[in-house]
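Here is a short briefing to read alongside the sequence and the 3D view.

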Amino acid sequence: MLIGLLPLALWSTTTEPALTLQWHNIAELPPAPGQYLQPGLAGAFSGIHGDAMIIAGGANFPSGPNWEGGKKEYHRDVYVLTKAADGAMQWQENVGFQLEKPLAYGLSIGGPDGLICIGGMNAEGHYEDVFKLSWNPASNQLVHKPMPALPKAMANIAGARSGNVIYVAGTEEGNGKKYFWSLDLNAVSTGWKTLPAWPGSPRTHAVGVIQNNGTGDFFYLMKGRYKIDKATTTFHSDIQAYHLQKGEWQTIIANPADTLANQSLSAGSGIAIGANHILMIGGDNGTLFVQLEELNAKIRSTTDSIERQGYILQRREILQNHPGFSDEVLAFHTITQSWTKIGDIPSKSPVTTNAFDWDGQIIIPGGEIAPCVRTPQIVSLSVKTKTRFGKLNTFILIAYLALLISFGLYFSRQQETTDDFFKGGRRIPAWAAGISISGTTLSAITFMAVPAKTFATNWLYFFLSMTAIMVGPFIIRIFLPFYRRFNLTTAYEYLELRFNLTTRLIGSVMYILLQLGRMGIVLLLPSLALSVVTGINVQVCILSMGLLSIFYTVLGGIEAVIWTDVMQFFVLMGGAILSLIILYTGLDHFEMATHIREFHKMEIFDFSFDFTDATLWVVLLGGFAGNIITYGSDQTVIQRYLTTKDEKSAARSISIGVWMVLPTTLTFFTIGTLLFAFYKSHPEMLSPVLDKTDSIYPWYIINSLPNGISGLLIAAIFAASMSSLDSVMNSVSTVITTDYIRRLRPLSSERLYLRMARYLTILIGILGTAMAMTMALYGLSSLWDQFQLIVGLFAGGLGGIFLLGILSRKANGSGAVIGLLASGVLQYYMKEFTPIHFLLYTCTGLIGGFAFGFIGSFFFSQPTSEARQYTIYGLKK
């Protein structure tokens, strides 16, 4: 009985929350061939391919600084640092390649296929060359592959990679002409594509990073400088953002009072981190740069030799005593568009270098640490978040989960037949069934994803949930009578009555596959989020929720499921409302209103007839179709209709369930908006290491709410997960027992059916838990997503088939199967070859299943008079 509590009882974290930067010197660049010392390099190409770090080219002053007569030298050498399985590192000798020419200050773009080196310069000028370096571990040799050249020779450019597309932003020095290009690596023969340049000032030495801002992926061109002439260089603090999907630029304007946002920096290193952060590491703020530039102008313009010598001495003093560059590590959050300082660089900060990820660590391979001075040190940076959950929170969570066990034990005494196990003996009150309907449609993913969505965007999706209220009367009038009056146990029994056995089995097997996949995701995603913010091991989360859900579901059947849903709904909503109140009372209301207004966070209507975005029409159409499918053909929801004493009570439960959508939607949307206002005002409380925006609400719960309250809210997330999980286990067991075993391989007694149902519940729970643990362990969620996508192509069509059977006298079984298959093909076409918004997929699937099924039925014999009795017209007789 206590086995489900054991993993949590053994796990508790008590550390205080803190963000720490861990710096390590991981290697030192070796001397080049023929050299005894390595002074370090600036502007080298650098990145990772496989288990190897590649550093190529670069520039330095091996004979001393230029004010002492030294001269900058450009290099062709290539260095490769490999990492063994045990983490040991080794510089490789004789890598078999040198650059064709000395080259530095180009752009490095890493990827799984190699390090792509773009542009660059040397003492002779700028270059348009593009080539790829890849490491062959079998031969310990570098492989060089030329690629399409840039349309213009460029150096000190910015760029980044999204999937197989590279984006490059640069300014032609001398005339200030701006260029923005892209190269599709899957179609390199087409060469570079010219895109619209950014609207802001021309710049070099900027940071280019691709990151998501909650509405899509953007290319961020950040800060930088531009040399107007020999005497004048401008430094920039602004950010230009290019929407990769829409192809549009926008300027991010900083608040004049925000010192960090208005800080000018150039030649720093940038890297995307977590779900929505960009790190800016170091950089030159331009203060001394401008002073030196002014002195150089005076040196050139004066004709007085004594005065000239004085300026030269002033310049030398600045250069010799140069303090180095900015040692700050700044974080920019793309959703709130806010900056915060998260730490300092412990040694002298390098500029004109690169930052890239290597096995979860940020690598900075040398660079310039003062004028004419380089460092050979290669350093790593790890950003860590210490989490706190605490003993009080752990106690509250365990006490709550223990209460769930008591529910299973209590209701196990009333489980005598499958009617008890699947329908609760039809003794569930309408209000409880209605709350269970609402609780079932509210998963932990919803608990986290809805606040995260409004945190990142606005209220445009509000009416997606409201369509449930609009659909409710239609479900009561059209669908409910068939499920109640014909004494059905599963929705798919209706498909056999109206069409044939084949249609019933196809419908039920699709439901089973979709729900098994849903179990894994419903367990995995909340567990990943909880693990990040609480420190509880992800496997512990999965195992605890899975075992506990199996325990009380297999003992108490649908009755235990519904009553635990009721309790869990109140825990979930109570916790959500409590956190909403705490959020609201803790905010400066004037500042909150300002942030919400400036960022259009309360935008709720978009009346444009654009079916590629979440306009009002898209939301309404997608919501109507989705809710017809959910409330009309999903066994998980329909099973609740069957647990009340009569049809009238069932109708009341549907009304309660859909109307509960209003307060829950308002609560979670408001939480998301207030979270935005909170973190806009307190960007230092955001964690750059959150790998999903969906973790923002759990992060707030753990790090900004008092102990005890945070434990209750984490229990609410567990509650939401288990509410979805127990519903799936019982409903899938119902479908297998009723649609397959009772229909195809009948057993000899009701007791055997009940035993089989319980065995199936255990098996389904174990499968779902094991699936979630496997995906967590091996990172297979993307593969499972693809499988779910394939099965999901037919989900809308299945809803269309139910609607077809009810509304059409002429539809038959063969036509229904054709409609289902044709709808899947249509869905695939809409997804792959049209730009329509994903919310419309349910609508096109529903309409496609109905229309193709109706047309297909004309090619086969008309349904029997008995089959027509199961239409809305037969029901009226």
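Helices and strands here are DSSP runs, numbered from the N terminus; a helix has at least four residues and a strand at least two. With that numbering, His-600 sits in the loop between helix 12 (589–598) and helix 13. The model is predicted. A search of the whole structure turns up 18 salt bridges.

**Salt bridges**

- Side chains of opposite charge can pair when their charged atoms come close.
- Glu-328 pairs with Lys-341 in a salt bridge, and the closest N and O atoms are 3.8 Å apart. The two residues are 13 residues apart, with Glu-328 in strand 26 (residues 328–333) and Lys-341 in strand 27 (residues 338–344).
- Glu-328 has a relative accessible area of 19%, so this residue is buried, the cut-off being under 20%. Lys-341 is partly exposed at 38% relative accessibility.
- Arg-485 forms a salt bridge with Glu-647, with 2.8 Å between the closest N and O atoms. Arg-485 belongs to helix 8 (residues 462–485) and Glu-647 to helix 15 (residues 647–659), so the pair ties together parts 162 residues apart in sequence.
- Arg-485 is partly exposed, at 48% relative accessibility. Glu-647 is also partly exposed, with a relative accessible area of 23%.
- Arg-640 bridges to Asp-565, and the closest N and O atoms are 3.0 Å apart. This pair ties together parts that are 75 residues apart in sequence, because Arg-640 lies in helix 14 (residues 635–641) and Asp-565 in helix 11 (residues 538–585).
- Both Arg-640 and Asp-565 are buried.
- One network joins Glu-496, Arg-504, Asp-739 and Arg-743 through salt bridges that share partners.

**Helix 13 against helix 21**

- Two packed helices are described by the angle between their axes and the distance between the axes.
- The axes of helix 13 and helix 21 come within 9 Å and cross at roughly 65°. The crossing of these two helices is left-handed.
- Helix 13 contributes Ile-629, Gly-632 and Ser-633 to the contact, and helix 21 contributes Ala-795, Gly-796, Gly-799 and Phe-802.
- By class, the contact of helix 13 with helix 21 holds three nonpolar residues, four polar ones and no charged ones.

- Which residues of helix 23 are buried? They are Cys-843, Thr-844, Gly-845, Leu-846, Gly-848, Gly-849, Gly-853, Gly-856 and Ser-857.
- The cover over the buried residues of helix 23 includes helix 13 (616–633), helix 21 (795–807) and helix 22 (813–833).
- Helix 23 (residues 841–857) has 17 residues, so at 1.5 Å a residue it should span 24 Å. Its end C-alpha atoms are 24 Å apart, which agrees.
- Buried residues of helix 19 include Tyr-753, Leu-754, Ala-757, Leu-760, Thr-761 and Ile-764. Also among them are Gly-765, Gly-768, Thr-769, Met-771, Ala-772 and Met-775.

- Tyr-105 is not a glycine, yet has a positive phi of about 60°. Tyr-105 is in the loop between strand 7 (89–91) and strand 8 (107–109).
- Is Tyr-105 buried or exposed? At 7% relative accessibility, Tyr-105 counts as buried.
- His-600 has a positive phi of about 55°, although it is not a glycine. His-600 is exposed, with a relative accessible area of 52%.

- Leu-548 is in helix 11. At 1% relative accessibility, Leu-548 counts as buried.
- Leu-548 and Asp-726 are 178 residues apart in sequence, and their C-alpha atoms are 9.4 Å apart in space.
- Gln-862 lies in the loop between helix 23 and helix 24 (865–868). Gln-862 is partly exposed, with a relative accessible area of 36%.
- Leaving aside neighbours within four places in sequence, Gln-862 is in contact with Lys-810 and Arg-868.
- Gln-862 and Pro-473 are 389 residues apart in sequence and 31 Å apart in space, C-alpha to C-alpha.

Definitions and conventions. Residues are numbered from 1 along each chain as its sequence is written. This is a predicted model: local features need pLDDT of at least 70, side-chain atom pairs count only at pLDDT 80 or more; totals for chains, interfaces and linings use all residues. Side-chain values use heavy atoms; hydrogens and water are left out. The expected span of a helix is 1.5 Å times one less than its number of residues. Buried means under 20% relative accessible area, exposed over 50%, partly exposed in between (1.4 Å probe, protein chains only). Contact means heavy atoms within 4.5 Å. A salt bridge is a side-chain nitrogen of Lys or Arg within 4 Å of a carboxyl oxygen of Asp or Glu. Axes are lines fitted to C-alpha atoms, for helices over the stretch in contact, and angles run from 0 to 180 degrees between N-to-C directions. A crossing is left-handed if the near helix is turned anticlockwise from the far one by less than a right angle, and right-handed if clockwise. Ala, Val, Leu, Ile, Met, Phe, Trp, Tyr, Cys and Pro count as nonpolar, Asp, Glu, Lys and Arg as charged, and the others, Gly among them, as polar.
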